[in-house]
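Reader: I'd like to go through this model with you, one question at a time. Could you start with the ground rules?

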Amino acid sequence: MFVLGIESSCDETGVALVETAGGGLPRLLAHALHSQIAMHQDYGGVVPELASRDHIRRVLPLARAVFDEAGRTLADVDVVAYTRGPGLAGALLVGAGVACALGAALSKPVLGIHHLEGHLLSPFLSADAPAFPFVALLVSGGHTQLMRVDGVGRYELLGETIDDAAGEAFDKSAKLMGLPYPGGPWLAKLAEGGDPAAFKLPRPLLHSGDLDFSFAGLKTAVLTQARKLGDELETRKADLAASTQAAIVEVLLKKSLAAIEQTGLDRLVVAGGVGANRSLRQQLNAACSRKGVRVHYPELHLCTDNGAMIAMAAAMRLQSGIEQASERYAFDVKPRWPLASLATS
Ligand code: KG4
Ligand code: ZN
């Protein structure tokens, strides 16, 4: 079975083709991606209307590139999957509309996928795929969650952020330091040349005893520190970046370890854009190897938004039998959609 996946929830248009055969893991045949980062950079963040218009321009040419690379055609597609939410409503509608139009034209069923489930299952695309059950740390631009994952569709929320997401903490702090959008990778790069102990920044909820996160206070502390530095900020920027990253990484690390402890599981899956952060990976790897816990990540280029994770999640949902694709083509999108609401048990 061939599953075409379309991602358009935010500022990346992604298209991919996966193949399922027998009971094994679906295989990625090809994927293509267009990032709108350069287009939104002038505005310091994503402009939803511009995002939608660009998705419309990109999605079909990207699909053509995917079919060319895979040596397949539209006629081979058995199911068309798209990101149904969460995300920007107008942007989601582009992927959903195109997917349903393709499905209707081909007389093939469609399947709406939860964007975070895509991130969550993206490590199954890597050579070192995880096995169920595991604890998942989902760290993206809009979400920070710890989940217990017992199988496809079997998700239990263990904790989440009560305000900003980890990616937002990176992005907002980076903005305060005058770095381009999205700030996470820029801040991480700058941090490489700085001292993580240079500034004492808060580690919110570190000792709260639960698995929730809070990052809004950190951003305020970074702002206060930046103001205090005044003209000195320019020369101390790398230190401030390193200190900010250290605060975010420490909280993510300690809470992940607490989730492992609480569940008694011995596998951790890290997914979402912030999962690309090198310092987070180094520290998680070191701490987990001391505890005999295996850590799995998506391949670096599949950490941020892409179509492969949507095609993969669709293929795994279909394979596990928990959902069937539909030929109704009466689509909707869900800009807000809690992942735990997908739980089947
Ligand atoms: O998962 P994603 O591509 O989009 C959402 O679904 O939100 O995540 C994007 C987020 C942004 O906040 C970006 O700054 C952050 O991931 N990010 C990073 C790194 N690469 C991407 N944050 C820290 N270090 C990185 N290397
Ligand atoms: Zn994402």
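Author: Two strands pair if DSSP finds at least two bridges between them, and helices (H or I, at least four residues) and strands (E, at least two) are DSSP runs, numbered from the N terminus. This is a predicted model, where local features need pLDDT of at least 70, side-chain atom pairs count only at pLDDT 80 or more, and totals for chains, interfaces and linings use all residues. Residues are numbered from 1 along each chain as its sequence is written, chains are lettered from A and ligands numbered from 1 in the order in which they are written, and side-chain values use heavy atoms, with hydrogens and water left out.

Reader: How many bridges join strand E7 to E8?

Author: Strands of a sheet pair through backbone hydrogen bonds, either parallel or antiparallel. E7 (residues 144-151) and E8 run antiparallel, and Met147 has Leu157 in E8 as its bridge partner. The number of bridges joining E7 to E8 is 6.

Reader: What is the order of the strands in the open sheet?

Author: The open sheet has 5 strands with mixed pairing. Its edge strands, each pairing on one side only, are E8 (154-160) and E10 (294-296). The order is E8-E7-E6-E9-E10.

Reader: Is His114 buried or exposed?

Author: His114 is found in strand E5 (residues 110-114). Leaving aside neighbours within four places in sequence, its contacts (heavy atoms within 4.5 Å) include Gly85, Pro86 and Leu342. Because its relative accessible area is 1%, His114 is buried.

Reader: Which residue's backbone oxygen lies 2.6 Å from a polar atom of the His114 side chain?

Author: A polar contact is a pair of N or O atoms within 3.5 Å; within protein, one must be able to donate a hydrogen and the other to accept it, and residues adjacent in sequence count only if both atoms are side-chain atoms. The side chain of His114 reaches the backbone nitrogen of Leu116 at 3.1 Å. The backbone oxygen at 2.6 Å belongs to Trp337.

Methods:
Buried < 20%, exposed > 50% of the residue type's maximum accessible area, 1.4 Å probe, protein only.
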